[in-house]
Each structure stands twice: as structure tokens, then as C-alpha cells.
Amino acid sequence: VAMLKVFSGTANPALTSSICSYLGVQLGRTSVSSFPDGETSVQIFDSVRGADVFVIQPTCPPVNDHMMELLLFLDALKRSSPLRVTAVIPYFGYGRQDRKHGPREPITAKLMSDLITEAGASRVLFVDLHATQIQGFFSIPADNLRPDLSFVSFLADMKLTPENTTIIAPNAGGARRAQRVAGKMKCKIAILETRTVGDDKIVSVVGNLKENAVIFDDMIDTGERIRLAAPALKAHGAKQVYACATHAVLSGDVKKLQESEVDLFICTNTIPVPAEKSFPKLKVLQISNLLAEAIRRLHNEESMSDMF
């Protein structure tokens with residue numbers, strides 16, 4: 001059996017450390033530095049010849065720096081005779097650019113997939129892609145993990161039940177994700193519809209609500225859509241509004257989220273949340289065990305069917 005080797009980029013070392021603890025392996029030794037002109041330099045100090053290698057790097061902000069770092073890691077590993085190299089990308093930057101919205105626009109998610117493959121990845125492992133069709137952009141195996149059970153377990157501990165909870169899709173495109181989670185919780189769903197009238201955004205609720213309304217989305221970026229949805233949900237009958245999102249991008253003003261009518265924001269640690277972006281209403285769930293178990297199964301050639 002090939003030796004398991006795990007390496008980490010600089011995007012989320014705490015997550016990689018937790019994964020290594022679960023797997024009982026030592027983190028591979030690396031160095032990441034910059035030349036005076038801004039070029040990134042990567043060096044790997046451990047031999048990976050014949051090894052089953054996993055490099056963990058979410059391409060979160062600064063997206064371009066972390067993406068380039070990942071590509072350099074993959075190239076360095078490819079040139080060092082490993083058995084296989086798996087890119088573990090808990091958050092996939094550029095995932096929202098998965099189609100052309102107008103003429104003369106790139107499909108950047110496809111470009112990133114080509115770069116990752118060409119750089120040397122034999123396989124990729126994601127968590128909650130913005131659009132599942134991105135898996136089809138890769139000519140190598142691409143797995144998309146779901147953190148649903150982490151959210152469902154947390155909500156159950158908060159005494160949210162089918163009798164008092166409605167799962168909310170933020171738009172029609174998010175209905176499938178809401179239905180999937182609602183099926184696990186045995187709850188009904190409702191859908192938000194947002195229309196722009198002049199300079200105002202009008203949020204309508206399609207469906208009946210119970211006292212707890214839980215919005216499910218793949219990420220919280222500026223959080224503007226969720227912030228505007230909370231008053232509409234409460235006006236429609238909800239007493240408590242929760243927002244669950246896998247990725248805490250948090251590129252907007254978190255003070256607005258804290259002051260919003262959302263009672264709790266629940267995210268995972270696919271992206272590290274710096275102190276200046278943390279706020280009292282934010283709860284971060286740990287999903288390192290989910291990723292570690294996926295890595296263990298891939299390494300041992302075990303089925304992953306029940307992880308999706």
C-alpha cells in the first residue's frame with residue numbers, strides 16, 4: 001500500500017492540522033515564500049516518490065494568490081514521482097463563473113479546472129460546489145462532499161424539528177439544495193423570490209412558514225440577500241430566522257450581518273474566519289472529520305457513496 005502524505009497550502013493550515021490529527025499522519029514539510037517582485041515560490045522538503053499525496057488548499061480570498069500557490073504545489077509534486085496527487089479544495093474560488101452571462105465573457109471555472117488538471121492533479125475533492133456541473137469541467141475524477149449532516153445535527157441540538165421548522169431556498173436555483181436538506185430533516189420548504197423595483201429589492205416568500213425559518217445556501221459572501229430576506233420571513237410568520245451556508249466568504253461588512261434580523265449565521269470551517277470578520281451571531285462548525293474520512297477512504301480505495 002502506498003504511503004499517505006498530506007501537505008497544506010497557506011490558506012487554511014488549521015483545517016489541515018485537524019485532518020492530519022484524525023488520520024494519524026504527520027503534516028508534510030513545505031515552504032511558501034515570495035520573491036521581491038511578488039512571485040510565489042513553493043518548496044517541498046519530504047520525499048513523495050510512490051506516495052499517495054493529498055494537498056489541501058481552499059482557494060479563498062486572496063483567491064488569485066491561493067490558486068497560484070495550489071498550482072505550484074501540484075506542479076512540484078507532479079515532478080517528484082508520486083503514485084497519485086489529489087487536490088483537496090474545500091472552497092473553490094471562481095466557482096460562480098461557471099457559465100457565460102453575456103457575450104465575450106470567459107467561463108473561468110472551466111479555465112481553473114484545466115489549470116488544476118494540467119498542473120498535476122490526478123483527482124480533486126471539493127466541499128459544496130456552487131454549481132455541481134463544475135465536476136464535469138474536469139477530465140479527472142472530481143468528488144463533491146456535502147456537509148448537510150453537520151448542519152442537520154447542529155439544528156437538531158437546537159431543538160429544530162419538522163413540526164416547528166421550514167427550510168428556505170434563497171432562490172429557485174437553490175431549491176435542490178433546500179430539498180436535499182429538508183429531506184434529511186423531514187421538513188417542508190419555501191422559496192424566496194427577489195425582484196428589483198427601481199433602486200429597491202422586494203423579497204417575496206413562496207410557501208407557508210413555521211416558527212423557525214432556516215435559509216440554506218452554499219456561501220455567505222456579502223450576506224446582502226440573506227440580510228434582506230430576514231424581515232420578509234418574519235413578516236410572513238417566522239419567529240426565528242437562521243442562515244446556514246457552507247462557506248464563510250464574508251467579503252462584506254459583518255457589522256451589517258450582526259445588526260440584521262437573522263438570529264444566527266451557521267457556517268463551516270472550509271474557509272478560516274479571521275478575528276476581524278468574526279461576530280457574535282456567527283457559529284462555525286468543524287468539518288475536518290468529513291474531509292479526513294473522505295481522504296482515508298480514497299487512500300484505502302473504499303466506497304464514498306454515502307458521503308454525497
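Predicted model: local features only at pLDDT ≥ 70, side-chain atom pairs only at ≥ 80, totals over all residues.
Buried here means under 20% relative accessible area.

D148 has a relative accessibility of 5%, so D148 counts as buried. Its partner is K184, and the closest N and O atoms of this salt bridge are 3.5 Å apart. The bridge links distant parts of the chain, with K184 in helix α5, residues 175–185, and D148 in helix α4, residues 148–157; 36 residues separate the two. K184 is partly exposed at 37%.

D98 and R99 also form a salt bridge, at 3.2 Å from N to O. D98 is buried, at 6%, while R99 is partly exposed, at 45%.

Next, a pair within helix α2. D75 and K78 are bridged at 3.9 Å. They sit three residues apart in α2, which means about one helical turn between them. D75 is partly exposed at 24%, and K78 is partly exposed at 37%.

The count of salt bridges comes to 20. There is also a network, which links E293, R296, R297, E302 and D306.

Now helix α3, residues 108–119. Its twelve residues reach 16 Å from first C-alpha to last, close to the 16 Å expected. Which residues of α3 are buried? They are T108, A109, M112, S113, I116 and A119. These cover an arc of only 145 degrees around the axis, so they lie on the same side of α3. They pack against α2, β5 and β6. After α3 comes G120, with a positive phi near 140 degrees.

Terms used: Residues numbered from 1 in each chain as written. Heavy atoms only, no water. Helix = DSSP H or I, 4+ residues; strand = E, 2+ residues; numbered from the N terminus. Expected span 1.5 Å × (residues − 1). Buried < 20%, exposed > 50% of the residue type's maximum accessible area, 1.4 Å probe, protein only. Arc of directions from axis to C-beta. Contact = heavy atoms within 4.5 Å. Salt bridge = Lys/Arg side-chain N within 4 Å of Asp/Glu carboxyl O.
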